[in-house]
Amino acid sequence: MPIPARRSRLKWRRLIPVATAALMAVALTPAGVAEGAAGAAPKESRPVYSYDNAIREAVWVDTRTDADADGRTDRVAVDIVRPREPAQQGRKIPVIMDASPYYACCGRGNESQKKTYDADGNPVRFPLYYDNYFVPRGYAFVAVDLAGTNRSDGCVDVGGHSDVQSAKAVVDWLNGRGKAYTTRTGTERAKARWSTGNTGMIGKSYDGTVANGVAATGVEGLKTIVPIGAISSWYDYYFAQGAPLYDSGPEWLSDYVESPEARARCQAVQKRLVDEAPRNGDFTPLWAERDYVSDAGDVNASVFVVHGMQDLNVRAKHFGQWWDALAEAGVDRKIWLSQTGHVDPFDFRRADWVRTLHRWFDHELLGYDNGIDREPMADIERAPDQWSTDKVWPPRSTDATTLRPGKGSAPGVGTLSLKRAAPGATETFTDDPKLSESDWAAAIDTSTPSKAGFTTQPLTRDLRLSGSSAVTVTATPSTSTAHLSAVLVDLGPDTIRDYTASGEGITTLANRTCWGPSTAGDSSCFKETSARTANVDYTVFSRGWADLGTYADAGKGRPLTPGKRYTITLDLHASDHVVPAGHRLALIVGGTDAGLIDPPASTPTLAVDLSRTAAELPVVGGAKAFAGATAGSPAATARGARLDGVAEPRPVRPIPGATR
């Protein structure tokens, strides 16, 4: 998306006055938490409660909707584990919630854990480590089965009202505004008298997406969300400006995650997901309902975003547009960006992640003044397991800088600079649906018929790009349909996480580490991981795609007139990448990016008007920094040999977060 002209600074809610904080600490703080000087407010929750003796229970919350049209409002299953002692002491506790469609069908985490129950239907295993680690520290953990999944009524509608209301209704119940029952069909009410109402939602992929959607409702009591590799607009999960990313739509995912009972009763919802999400890529009211970015102004919760910059499942556009919208709304934010693909931080930076998440929840849900609000906003992975920080992100000196392609010494091998190409300068390529961004980048210095490549001279200084980019292309197609791709490439040797390999940048090891106490049915011990790396000659670090037929309206495509010139702007995925001195920065424009978008109905040849084509990039230091990095640099020597990179992108099943 175009880079906002104004960037909001991180804002933190003013903490309650000291006197009130002291009273709150007496009323709500678990005994035995860490404290500073005598009488000082607590800084950290400690594991003082019994996990083995914790209360494990299930309730069914009334969502106040009837998605499956059976004549009664749907109830969603809510499995709860909470320490027993606070209620006995008259203390209330906050809640960490993960609302997911995957607890029964597919599992959660690197080891695909599912919920388990005893003979009476009481919860035994809660997937992941949130329960083991946080329950002894005075939190409740709540695992919600989205409507239509596992033990819940209703239907899966893939990010729509039913999905979001599944979790929102639970937040309402925790705050005394909703109804819950002790059984799925009974009349005995269940009350959350043990809850302060303060709720933090967390989850990877689909789970984090639901957290985004609930936050966008502005529901009272939701204090923070931690979306990990999460979707911010479901249209952008299935399409890129009209270009389809998968050969199926949301009805396939709905059918995949629903319980067998829900599949039988939810045919009307399934039909709507087909009829109102046409494969032509038009932005319909169904997609508008699932666009959380447009409602970012309603978000009251703080947001701790985590995303892999090489995530080719939930692509990095999702965090970029969400982050920018939250910034404009003045929402409290923090961010971690890794070099991985679709991977949880528990599996690429485990100890630091658990420590940071602990402090985040202590601050946001318990109100502890532990200093996390005064620390850098962003953690960025620069190389495998090597991290840097930024006080704000993107850095304040980041400025939209317009770079322009120019003619080179051979067809398709051009230049990239601040200078506009001469009128009439063109480059031509023919879409080859068998080739990907890896093929284009490997042959960047060679004339090939399938792409147009443009490179800077070798840089004399490091050049950092931080944020979202956009590329405006003016092209003349030879057919009535055409798809376009634009990618940014760092040309130079490096060691990076191998994000296209199995594991998407990690290798799972045999040894385990433990994160809290365990029971016979719920272990806190998980397999360790290490970085899976690759030595490369180039790195594709940002990409974007579009159907040229959406040139006039990003939400509606139309047939092209062969031989007519069209101009379109492609939104590139957000990233934070440093192109080191001695490397070159490249922009490649091509057709179908194999494995990542589907091809058009025809095989077009496109003539790109270079004088009307430009890339708007978020350069730290702006045009002055770019000019300094390219001034006096030696001329690049074209090489005929192919460059080595990671393997070409593997086609991804349209399942956000269920499998790798």
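## Two neighbouring strands

Strand E10 (residues 195–204) and strand E11 (residues 222–228) run parallel and are joined by 6 bridges. Across this pairing, methionine 201 stands opposite isoleucine 225 in E11. The model described here is predicted.

## The sheet

E10 and E11 belong to an open sheet of 11 strands. The order across the sheet is E9-E3-E4-E8-E5-E10-E11-E14-E15-E16-E17, and the pairing is mixed. The edges are taken by strand E9 (180–181) and strand E17 (386–390). Each of these two has a single partner strand, so one of its sides has no neighbour in the sheet. In general, strands of a sheet pair through backbone hydrogen bonds, and the pairing is either parallel or antiparallel.

## Helices packed on the sheet

Which strands does helix H4 touch? Helix H4 (residues 161–174) packs on the sheet and touches strand E3 (55–62), strand E4 (75–82), strand E5 (93–100), strand E8 (140–145), E9, E10 and E11. The direction of H4 makes about 165° with that of E5.

Helix H12 (residues 350–365) also packs on the sheet. Its contacts are with E5, E10, E11, strand E14 (302–308) and strand E15 (333–338). The direction of H12 makes about 160° with that of E11.

## Aromatic pairs

The structure holds 32 aromatic pairs. Tryptophan 173 lies in helix H4, while tryptophan 194 lies in the loop between E9 and E10, so the pair ties together parts that are 21 residues apart in sequence. Tryptophan 173 counts as buried, at 3% relative accessibility. Tryptophan 194 counts as buried at 7%.

The rings of tyrosine 551 and tyrosine 566 have centres 4.6 Å apart and planes at 50°, so this pair is tilted. Tyrosine 551 is in the loop between strand E26 (533–547) and strand E27 (566–579), and tyrosine 566 is in strand E27, 15 residues apart. Tyrosine 566 is buried, with a relative accessible area of 3%.

One aromatic cluster is formed by Tyr102, Tyr206, Trp234, Tyr235, Tyr237, Tyr238, Phe239, Tyr246, Phe283 and Trp287.

## Arginines over rings

Arginine 558 lies over the face of tyrosine 551, at 5.9 Å from the ring centre. Arginine 349 lies over the face of tryptophan 387, at 4.2 Å from the ring centre.

## Backbone details

Where is the cis peptide bond that involves proline 394? The bond runs from tryptophan 393 to proline 394, and its omega is near -10°. Proline 394 is in the loop between E17 and strand E18 (398–410).

Serine 205 has a phi near 65°, a positive value in a residue other than glycine. This serine is in the loop between E10 and helix H5 (206–215). Serine 205 counts as buried because its relative accessibility is 0%. Glutamine 241 also has a positive phi, about 50°, although it is not a glycine. Glutamine 241 is in the loop between strand E12 (239–240) and strand E13 (243–244). With a relative accessible area of 8%, glutamine 241 is buried.

Conventions: Residues numbered from 1 in each chain as written. Predicted model: local features only at pLDDT ≥ 70, side-chain atom pairs only at ≥ 80, totals over all residues. Heavy atoms only, no water. Pairing = 2+ DSSP bridges. Helix = DSSP H or I, 4+ residues; strand = E, 2+ residues; numbered from the N terminus. Contact = heavy atoms within 4.5 Å. Axes fitted to C-alpha atoms, helices over the stretch in contact; angles between N-to-C directions. Phe/Tyr/Trp six-rings, centres within 6.5 Å; stacked < 30°, edge-to-face > 60°. Buried < 20%, exposed > 50% of the residue type's maximum accessible area, 1.4 Å probe, protein only. Lys NZ or Arg CZ within 6 Å of the ring centre and 35° of its normal.
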